[in-house]
Amino acid sequence: MFTVPVTFTQGGSFQLIADFIPKGQSDTVQMHTVSVKGNTPAPVSLTPDKKLVKTVNGNQVSLKIDSQLKANQETMLNFHFEDAQTQQPIQDLQPYLGAVGHVVILNQDATKYLHVHPMDERVKGSNAMFHTRFPSPGIYKVWREFQRSNKVFIVPFVVEVSK
């Protein structure tokens, strides 16, 4: 059993996702929907990013996809890291949860969840590659988690996957 304290700042329906490995077993994902009382804002549709470059806490992260995003097709997600101020490649990424980072992917209606590990978990330099397969067409949010200077950063991208 594990506990995660959460404070909901608004009401609505929320999808909770737990991704873990029970002792002696394989990866397990549990998804549960909870309803929270309170003011519920109007839903916001995801819009695919026109440019796959984001700056978070002084780190510029770009996402390059090796081919057109198609459902059920092997796809390589290539992340490149630069210092936003100097434009120099970042060479000091730290391991986060045992790897150079993690990628979490969720479709727009939160019914399809992917947790992707890097191709090379020991990378510390400015590039990290993640191999995945989007299960169906649609809009997906891709979160890239990495650590630098003992701080975890989450960089979100929104992409569209075709048939």
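Analyst: Happy to. Rings of Phe, Tyr and Trp count as a pair if their centres lie within 6.5 Å. Keep in mind that this is a predicted model. Here, Phe 79, Phe 130 and Phe 157 form one aromatic cluster.

User: How many aromatic pairs does a search of the whole structure find?

Analyst: The search finds six aromatic pairs. In the pair of Phe 79 and Phe 130, the ring centres are 5.6 Å apart and the planes stand at 90°.

User: Which two quantities describe a pair of aromatic rings?

Analyst: The general idea is that the distance of the centres and the angle of the planes describe the pair. Planes over 60 degrees apart count as edge-to-face. With its planes at 90°, the pair of Phe 79 and Phe 130 is therefore edge-to-face.

User: Where in the chain do Phe 79 and Phe 130 lie?

Analyst: Phe 79 belongs to strand S5 and Phe 130 to strand S9 (residues 127-133), so their pair ties together parts that are 51 residues apart in sequence.

User: Are Phe 79 and Phe 130 buried or exposed?

Analyst: Both Phe 79 and Phe 130 are buried.

User: How do I read the accessibility of Asn 150?

Analyst: Over 50% relative accessible area means exposed, and under 20% means buried. Asn 150 has 63%, so Asn 150 is exposed. Asn 72 has 49%, so Asn 72 is partly exposed. Asn 107, in strand S7 (residues 102-107), is buried because its relative accessible area is 10%. The side chain of Asn 107 also makes a polar contact of 2.8 Å with the side chain of Asp 109.

User: Last topic: which residues form a nonpolar patch on the surface?

Analyst: Phe 2, Val 4, Val 6, Phe 8 and Leu 16 form that patch, with about 470 Å² of accessible area together. Leu 16 is part of strand S1 (residues 12-20), and its relative accessible area of 38% makes Leu 16 partly exposed.

How values were computed:
Residues are numbered from 1 along each chain as its sequence is written. This is a predicted model: local features need pLDDT of at least 70, side-chain atom pairs count only at pLDDT 80 or more; totals for chains, interfaces and linings use all residues. Side-chain values use heavy atoms; hydrogens and water are left out. Patches are made of residues with over 30% relative accessible area and no salt bridge: like charges are joined within 9 Å, nonpolar side chains (Val, Leu, Ile, Met, Phe, Trp, Tyr) within 5 Å. Accessible areas come from the Shrake-Rupley method with a 1.4 Å probe; for residues, only the protein chains shown count as cover. A salt bridge is a side-chain nitrogen of Lys or Arg within 4 Å of a carboxyl oxygen of Asp or Glu. Helices (H or I, at least four residues) and strands (E, at least two) are DSSP runs, numbered from the N terminus. Buried means under 20% relative accessible area, exposed over 50%, partly exposed in between (1.4 Å probe, protein chains only). Rings of Phe, Tyr and Trp (its six-membered ring) pair if their centres lie within 6.5 Å; planes under 30 degrees apart count as stacked, over 60 as edge-to-face and the rest as tilted. A polar contact is a pair of N or O atoms within 3.5 Å; within protein, one must be able to donate a hydrogen and the other to accept it, and residues adjacent in sequence count only if both atoms are side-chain atoms.
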